[in-house]
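Student: Could you walk me through how to read helix packing, a chain interface and a nonpolar core in a model like this one?

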Amino acid sequence: MLGDAFTEAFTLIVSVNPELLEILWLSIQVSLTALFFSIALGLPIGTSLAITEFPGKKACVTILNSLMGLPPVVVGLLVYLLLSRSGPLGVLGLLYTPTAMVIAQVVLITPIIAALAYQVMDDLHREYRDLFQSLGIPLTKAVPTYLWDARYSLVTSVLAGFGRAISEVGAVIIVGGNIDHLTRVMTTAIALETSKGELAIALALGIILLTLALIVNAAVTTVRAFGLRNAYV
Amino acid sequence: MFKSEPMSNTSALSATNAPYIEVNNLNLTIGGNQLLHDISVTSFTPGVTMVMGPNGAGKSLFLRCLHGLLIPTSGSIRLLNKPHEATTASQSMVFQKAVLLRRNVIKNLEFAAPNGTPPTEITELLAKVHLNGKELQPARLLSGGEQQRLALARSLLTKPRLLLLDEPTASLDPASVLIIERLISEATEQGVKCIFISHDLGQAKRLGADIIFLHQGRLAEHTDAETFFTSPQSREAKAYLNGEIVL
């Protein structure tokens, strides 16, 4: 039976099943959109936290690091409460839409990107701080320099965020509702099809998800290896 | 406190009989520990002022205070006959471990070059530090000596009037030391004042016009180089020059 399910799963993948394609496309769209907003929020948060000194900075770093381990279902619940009809943003009618899933993923991965960016930037800032002060480099020139010189490590952080977003199920199932042709993504579809006993589709999606994870990891390794080879990390 | 006699040179400062370095009652306390104690030094001497002393004497802290990287707990600093804050743009510092950006050699220089610096100036400087042909190499893959030469070239590119050097030749090969010493001598001939930390007595003799000797965060002696090496005044400097361990 399991062998049949695997055979059917590979057949679905090889035949480019339209249903699978639709789910894959939505998953990538949602996760890439979430990643875009998380980069836009996370990198400035991590960078400014690293290069500025203020009272309570250690507490902020501790909170940020703790947020990396946010339970997806809790994030899903909070975003649900926020977007539900009786919630503060209920009027927008975003619940059970891909936008709600993007919001949940942004909440989930922004702390990851910000915390990893903070670690990278903090190390770099410790190394460059005296030099920049010595050369009289203004902040407007220092920040782009930090971002550029940390590019290889930051790409790793960003890809880690993407990996988390694409493989996450708890939050998106709560705020997206797993509606066919609307909010069904790979992870929620796998959960649903498994519960229905439709192992072939679940396996096919699982294989695609694993392949995506492998590609992301290979990209991280390649980027990092290039950076290390040139002493840019 | 020793005050060396002004020496004849072409720089404007010595012509006006003004001190290059004027430090009064400098104290530095970090985390409850007093690390520099009441240091007062006035130097009218152009060229290279060597800062010497055993490990832990406070040499790097002293240099960092002069450069503004550390804020003294009390005391005043005047450099090049100006308040300390007014000279930061005219200063440049070479650190003991070269700090290089994660990019290639030429981009490291371009980063520090003032606007409008002609590319030929950068090329000439690269040749002077024997790094021509390595323009496109990742800077952090250069050897230790090459990295330090690049760091010095970058500092010189900013056209400083005061160059601070924190053991730039420590553990470098003789060829790199020679190149760096030549560049420093050339810079001083052009009127740049250098303050140079070194443990190398030979180097101090070759380069130093006057010597500031620190011991346990205090000024033990400040004298011209010749006097320092022939008849040091302080017990600590004598012991240091005799190769005895100074604690």
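Predicted model: local features only at pLDDT ≥ 70, side-chain atom pairs only at ≥ 80, totals over all residues.

Student: Which residues of helix 10 of chain A does helix 9 of chain A meet?

Tutor: On the helix 9 side of chain A you will find A:Met186, A:Ala189, A:Ile190, A:Glu193 and A:Thr194. Their partners in helix 10 of chain A are A:Leu199, A:Ile201, A:Ala202, A:Leu205, A:Gly206, A:Ile208 and A:Leu209. Sorted by class, the residues of this contact are 9 nonpolar, 2 polar and 1 charged.

Student: At what angle do the axes of these two helices of chain A cross?

Tutor: The axes of helix 9 (residues 186-196) and helix 10 (residues 199-229) of chain A come within 8 Å and cross at roughly 155°. Angles over 145 degrees count as roughly antiparallel, so helix 9 of chain A is roughly antiparallel to helix 10 of chain A. The crossing of these two helices is left-handed.

Student: How are helix 6 and helix 7 of chain B oriented, roughly parallel or roughly antiparallel?

Tutor: In chain B, helix 6 (residues 144-157) packs on helix 7 at an angle of about 10°, and their axes are 9 Å apart. The two are therefore roughly parallel to each other. Helix 6 of chain B contributes B:Gly145, B:Gln148, B:Arg149, B:Leu152 and B:Leu156, while helix 7 of chain B contributes B:Ser176, B:Ile179, B:Ile180, B:Leu183 and B:Ala187. That contact has 6 nonpolar, 3 polar and 1 charged residues.

Student: Which residues of the largest nonpolar core touch the most other members?

Tutor: Here is the general idea: in soluble globular proteins, nonpolar side chains tend to be buried together. In this model, the largest nonpolar core has 133 residues, and A:Ala104, A:Val175, B:Val51 and B:Leu150 touch the most other members. Helix 5 (residues 98-135) of chain A gives the most to this core, with 22 residues. Leaving out residues up to four places away in sequence, A:Val175 touches several residues, among them A:Gly76, A:Tyr80, A:Leu95 and A:Ala104.

Student: And how many residues of chain B are in contact with chain A?

Tutor: There are 15 from chain B, in contact with 12 of chain A. The chain B side has 9 nonpolar, 4 polar and 2 charged residues.

Note on methods
Residues numbered from 1 in each chain as written. Chains lettered and ligands numbered in written order. Contact = placed C-beta atoms within 7 Å. Nonpolar A, V, L, I, M, F, W, Y, C, P; charged D, E, K, R; others polar. Axes fitted to C-alpha atoms, helices over the stretch in contact; angles between N-to-C directions. Helix = DSSP H or I, 4+ residues; strand = E, 2+ residues; numbered from the N terminus. Parallel < 35°, antiparallel > 145°, perpendicular 65-115°, else oblique. Left-handed = near helix turned anticlockwise from the far one by under 90°. Core = buried A, V, L, I, M, F, W, Y, C linked by C-beta atoms within 7 Å. Buried ≥ 20, exposed ≤ 12 C-beta atoms within 10 Å, placed from the backbone.
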